Amino acid sequence: MAGKLIICPTPIGNLGDMTERALEALRTADVVCAEDTRVTGKLLAAYRIEKRLERLDEALIGERAASLVERVGAGEMIAYCSDAGMPGVSDPGLRLVRAAREADVPVEVLPGPTAAATAYVASGSANPRFYFGGFFPRKDAERRATVESLRALDAALLFYESPNRLVAALDALAAVLPHREIAVCRELTKLHEEVVRGPLPQVRDVFAAREREGAGIKGEIVLVIEGPSAAEDAAAEQDAEAAARERAVELKAAGARNKEIARAIAEEFGVARNVAYDIALGA
């Protein structure tokens, strides 16, 4: 019998979202490789499936992918599960699929639950496009650099985030995109599912208050940041002009001429030349 690598998505929360095709693949596989054998073991037990489990997490997949692909080539049927959702989406499964494709062995990817797509729809985003960036960076400078690099993209921005870093992530986002709306999608498909949507500073304050009050923030989280809008562009233009006026006053106090002031603030704040000159005259 020809071997095959089968990518089996698992529920992101609700056990009822397991598909019949994924269950059949787990039943017929020779072995099930799992990101965490304890998590997948509980899933198999819930459906009374007895199967040999092999751990295949981020630390092991690099060294074991080649041998697993060889086993598939030799005729073994191997199923792979991540802890939750679609393997390969922000987890080590992608490296296994790539190794199998490079070795030209059969790969079957089964459709199933994905937190990113579920959150995008649940957010009610007005933008028909979205960009998925995986896990949001941990360091503040990297967070801001990431958001700055994507702020002009005409798409909703999706990131996974840990509950322990949620407020810090919202702080960074609100600092760069204060006029955007965001949906914080938490515990999707689970009993305490929650979608908190609103202007970024407002949503940041909601979760900061929870943290201060000791209520705690739990669960898997997807951030869905709305794409750019005309309102945001107008607000950014007003902010730039306000900053340009402050700078113009400073330059005039230092003895600069109107033409020099206009040129300086146009370059520094990106305001139009005629607007810059009007600001210089009024400084």
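Me: Which residue stands opposite Ala 79 in β4?

Reply: Val 32 stands opposite Ala 79 in β4. Strands here (E, at least two residues) and helices (H or I, at least four) are DSSP runs, numbered from the N terminus. This is a predicted model, in which local features need pLDDT of at least 70, side-chain atom pairs count only at pLDDT 80 or more, and totals for chains, interfaces and linings use all residues. Residues are numbered from 1 along each chain as its sequence is written, and side-chain values use heavy atoms, with hydrogens and water left out.

Me: How many bridges join β2 to β4?

Reply: Four bridges join them, and the two strands run parallel. Two strands count as paired if DSSP finds at least two bridges between them.

Me: And β1 to β4, how many there?

Reply: Four bridges join β1 to β4, which run parallel. Within that pairing, Ile 6 has Ala 79 of β4 as its bridge partner.

Me: What order do the strands of the sheet have?

Reply: The order is β3-β2-β4-β1-β5, in an open sheet of five strands with parallel pairing. β3 (53–55) and β5 (107–109) are the edge strands, and each pairs on one side only. On average, neighbouring strands of this sheet are turned by 25° against each other, direction ignored. Such angles run from 0 to 180 degrees between N-to-C directions, with axes as lines fitted to C-alpha atoms, for helices over the stretch in contact.

Me: Over how many bridges do β1 and β5 pair?

Reply: Three bridges, in the parallel sense. Leu 5 has Val 107 in β5 as its bridge partner.

Me: Back to β4. Why is it largely enclosed by the rest of the structure?

Reply: Because five of the five residues of β4 are buried. Buried means under 20% relative accessible area, exposed means over 50%, and partly exposed is in between (1.4 Å probe, protein chains only).

Me: Which residues are on which side?

Reply: Met 77, Ala 79 and Cys 81 are on one side, Ile 78 and Tyr 80 are on the other, and both faces of β4 are covered. In a regular strand the side chains alternate between the two faces of the sheet.

Me: Which strands does α1 lie across?

Reply: β1, β2, β4 and β5, and α1 runs at about 130° to β4. The buried residues of α1 (residues 20–28) are Ala 22, Leu 23, Ala 25 and Leu 26. They are on the same side of α1, because they cover an arc of only 160° around the axis (the arc is that of the directions from the helix axis to the C-beta atoms).

Me: What do those buried residues pack against?

Reply: They pack against β1 (4–7), β2 (31–34), α2 (37–46) and β4 (77–81). Contact here means heavy atoms within 4.5 Å.

Me: Where does α3 lie?

Reply: Helix α3 (residues 58–73) lies across β1, β2, β3 and β4, and runs at about 140° to β3.

Me: Which residues touch the most other members in the largest nonpolar core?

Reply: Leu 170, Leu 173, Ile 182, Val 184, Phe 207, Leu 223 and Ile 225, out of 24 residues in that core. The largest share, seven residues, comes from α7. A nonpolar core is a set of buried Ala, Val, Leu, Ile, Met, Phe, Trp, Tyr and Cys residues joined through side-chain atoms within 4.5 Å. A second, separate core of 19 residues includes Leu 68, Val 72, Leu 96 and Val 97.

Me: Where is His 192?

Reply: His 192 lies in the loop between β8 and β9. His 192 counts as exposed, at 55% relative accessibility. Not counting residues up to four places away in sequence, His 192 touches Arg 186 and Glu 187.

Me: Is Glu 187 buried or exposed?

Reply: Glu 187 counts as buried, at 14% relative accessibility. Phi of Glu 187 is near 55°, a positive value in a residue other than glycine.
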